[in-house]
Amino acid sequence: MSSQPMVLEDEFAGRDARGLKPDSDSINSEQAERMKYVKMLFVGIPIIGQVFAWTTYLVCGQVFGQQKLYDKKFEFVKEYQLGYVFLALWILSVARIAVVINANAARAPARVDRPDQQVYKVMAASGPLADAPFVMMANTGPQGRFNRAQRALYNMDENLPVVLANTIAVASIFGPVVIGLVLLIAVGRIFFAVKYTESLNARGKGFMLCMLGEKW
């Protein structure tokens with residue numbers, strides 16, 4: 001057995017009597033939260049992604065002598081109208097981001113903290129259960145670690161179809177460059193999962209790594 005003393009976690013810290021985050025002036029409205037994520041996911045991250053993408057293209061093309069090969073591939077894409085494949089992938093990616101923003105905007109006024117993705121209620125119109133606490137995920141102890149580990153897995157699964165499609169598209173033009181991006185995503189996802197399992201607030205660095213690779 002471990003010699004380290006067991007740290008007792010407070011299951012109800014930061015929650016009100018019904019299991020939600022306490023209501024306060026710091027809780028954003030749905031519109032304010034929507035604008036926050038619009039700026040992040042439609043402005044900030046795409047700008048960073050474009051800077052990295054163009055830098056990669058110019059360095060590989062001009063420094064590593066890949067420009068003629070890139071030109072041939074772009075000509076092939078143009079000749080066979082394959083640009084529509086890339087456009088379709090971009091449209092689907094944008095649609096998913098819009099749906100993510102919609103969900104994140106609704107989360108704030110609902111006062112539902114992560115890793116909870118749904119809120120369950122005992123459907124009693126009257127009686128002692130009418131104002132019963134909502135049913136939330138366990139967030140402490142071994143059960144809390146398990147729930148956060150599962151949430152990290154589901155988060156990867158939710159993004160995987162678009163990531164796989166984009167990986168194939170990128171590989172068709174930039175060849176070996178895609179291995180570096182996939183390694184960055186893989187390391188970020190593993191780091192994200194391990195840190196998320198430890199605690200909700202520790203997941204950020206791993207998430208930023210995988211987001212960087214996925215949006216490059």
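Biologist: What should I know before I start?

Modeller: The model is predicted, so local features need pLDDT of at least 70 and side-chain atom pairs count only at pLDDT 80 or more, while totals for chains, interfaces and linings use all residues. Residues are numbered from 1 along each chain as its sequence is written, and side-chain values use heavy atoms, with hydrogens and water left out.

Biologist: How do I read helix packing, and at what angle do helix 1 and helix 2 pack?

Modeller: Two packed helices are described by the angle between their axes and the distance between the axes. Helices are DSSP runs (H or I, at least four residues), numbered from the N terminus. Axes are lines fitted to C-alpha atoms over the stretch in contact, with angles from 0 to 180 degrees between N-to-C directions. Here helix 1 (residues 30-63) meets helix 2 (residues 67-79) at about 120 degrees, the axes being 7 Å apart. That makes the pair oblique, the class left over once under 35 degrees is roughly parallel, over 145 roughly antiparallel and 65 to 115 roughly perpendicular.

Biologist: Which residues of helix 1 and helix 2 make the contact?

Modeller: Tyr57, Cys60, Gly61 and Gln62 come from helix 1, and Gln67, Tyr70, Asp71 and Phe74 from helix 2; contact means heavy atoms within 4.5 Å.

Biologist: And salt bridges: how many are there?

Modeller: Side chains of opposite charge can pair when their charged atoms come close. The rule is a side-chain nitrogen of Lys or Arg within 4 Å of a carboxyl oxygen of Asp or Glu, and the count is seven. One of them joins Arg111 to Asp16, with the closest N and O atoms 3.0 Å apart. This pair links distant parts of the chain, 95 residues apart: Arg111 is in the loop between helix 3 and helix 4, Asp16 in the segment before helix 1.

Biologist: Is Arg111 buried or exposed?

Modeller: Buried, at 18% relative accessible area, whereas Asp16 is partly exposed at 28%. Buried is under 20%, exposed over 50%, and partly exposed in between (1.4 Å probe, protein chains only).

Biologist: Where is Asp116?

Modeller: Asp116 sits in the loop between helix 3 (83-110) and helix 4 (141-174), and is buried at 2% relative accessibility. A polar atom of its side chain lies 2.7 Å from the backbone nitrogen of Met137. Leaving aside neighbours within four places in sequence, Asp116 is in contact with Arg15, Arg107, Met136 and Met137.

Technical notes:
Helices (H or I, at least four residues) and strands (E, at least two) are DSSP runs, numbered from the N terminus. A polar contact is a pair of N or O atoms within 3.5 Å; within protein, one must be able to donate a hydrogen and the other to accept it, and residues adjacent in sequence count only if both atoms are side-chain atoms.
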